[in-house]
Amino acid sequence: MSQHTAPLPPIAPAPVPASAPSAPTATELLDFVRRTAADRELIASLPLDPEGRTWVRLDGPGGSEAWLIGWPPGTGTGWHDHAESQGAFATARGTLTENALAVRLPASGWKTLELADGVDRSRRLGEGTGRAFGRHHVHEVLNESPDTHAVSVHAYYPPLPLIRRFSRTGAVLRLEQVERPEDWQ
Ligand SMILES: [Fe+2]
């Protein structure tokens, strides 16, 4: 018994308009923040202020929004998310702590939420270490060092449409504020 297989028709590549934006993947964002964090000259160019965080906007890959951020000892972001944006960040100097929630928060229609047991995650990101995160990631980033200024590189795609800020008391998370890009100018 013999079988004949019809030759497969040629597969035409999907047409890609020259101007089509190519959304960066999480891996590309992570590669970018790691590579940028290793750029000693750029990292050294960030002005550092012992009184508060400092930041410089960078061009991220594929139209992403990127930042270089300086963290004096004891500073942090507070709890927040980045809505529909995915992102990545890497520590260029010092050590940062990320506390995160392994939970998907409802998009709207709530003011306070009681978190279930076991949703807390914590990691320390030393110099040269980075991580990527998906949409709706809820976290806070802190420099817990008593004496060392930290510097990190962050990238988000799509560029941040908004940040939701939360306060937390024990297991209770409260939505405090929704910030939009015009608030950051
Ligand atoms: Fe964040």
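Leaving aside residues up to four places away in sequence, A155 touches L29, F32, V33, S64, E65, A66, Q86, G87 and A88, where contact means heavy atoms within 4.5 Å. The model is predicted, so that local features need pLDDT of at least 70 and side-chain atom pairs count only at pLDDT 80 or more, while totals for chains, interfaces and linings use all residues. Residues are numbered from 1 along each chain as its sequence is written, and side-chain values use heavy atoms, with hydrogens and water left out.

A155 also belongs to the largest nonpolar core, which has 17 residues. Such a core is a set of buried Ala, Val, Leu, Ile, Met, Phe, Trp, Tyr and Cys residues joined through side-chain atoms within 4.5 Å. Buried here means under 20% relative accessible area and exposed means over 50%, with partly exposed in between (1.4 Å probe, protein chains only). The members that touch the most others in this core are F32, V33, I43, L68, V151, V153 and A155. Two or more residues come from each of α1, β2, β4 and β10; these labels follow DSSP runs numbered from the N terminus, with helices (H or I) of at least four residues and strands (E) of at least two. Helix α1 gives the most, namely five residues. In soluble globular proteins, nonpolar side chains tend to be buried together.

Helix α1 itself spans residues 26-37, twelve in number. From its first C-alpha to its last it reaches 16 Å, close to the 16 Å expected at 1.5 Å a residue; the expected span is 1.5 Å times one less than the number of residues. The buried residues of α1 are L29, L30, F32, V33, T36 and A37. They lie on the same side of α1 because they cover an arc of only 160° around the axis, the arc being that of the directions from the helix axis to the C-beta atoms. T27 and R35, on the other side of α1, are exposed. The cover over the buried residues of α1 includes α2 (40-45), β1 (54-59), β2 (65-71), β4 (86-93), β8 (130-133) and β10 (150-157).

Two of these covering elements, β1 and β2, run antiparallel and are joined by six bridges; strands count as paired if DSSP finds at least two bridges between them. Within this pairing, T54 stands opposite G70 in β2. The hairpin of β1 and β2 has five residues between the strands, and G62 takes a positive phi near 60° there.

Strand β11 has two pairings to consider. With strand β3 (residues 79-81) it pairs in the antiparallel sense over three bridges, and R164 in β11 is the bridge partner of D81. With strand β12 (residues 172-179), β11 is likewise antiparallel, joined by seven bridges. The hairpin of β11 and β12 has two residues between the strands, and G170 in the turn has a positive phi of about 60°. R165 is placed in β11 and stands opposite Q177 in β12. Apart from residues up to four places away in sequence, R165 touches T77, W79, H80, R174, L175, E176, Q177 and E179.

The structure also holds three aromatic pairs. Rings of Phe, Tyr and Trp (its six-membered ring) pair if their centres lie within 6.5 Å; planes under 30 degrees apart count as stacked, over 60 as edge-to-face and the rest as tilted. The pair of W110 and F166 is stacked, at 5.8 Å centre to centre with 15° between the planes. W110 lies in the loop between β5 (96-101) and β6 (112-114) and F166 in strand β11 (residues 163-169), so this pair ties together parts that are 56 residues apart in sequence. W110 counts as buried because its relative accessibility is 11%, and F166 is buried at 6% relative accessible area.

The rings of F133 and Y156 have centres 6.4 Å apart and planes at 55°, so this pair is tilted. Because F133 lies in strand β8 and Y156 in strand β10, the pair ties together parts that are 23 residues apart in sequence. F133 is buried, with a relative accessible area of 5%, as is Y156, with 9%. Ring pairs link F89, F133 and Y156 into a cluster.
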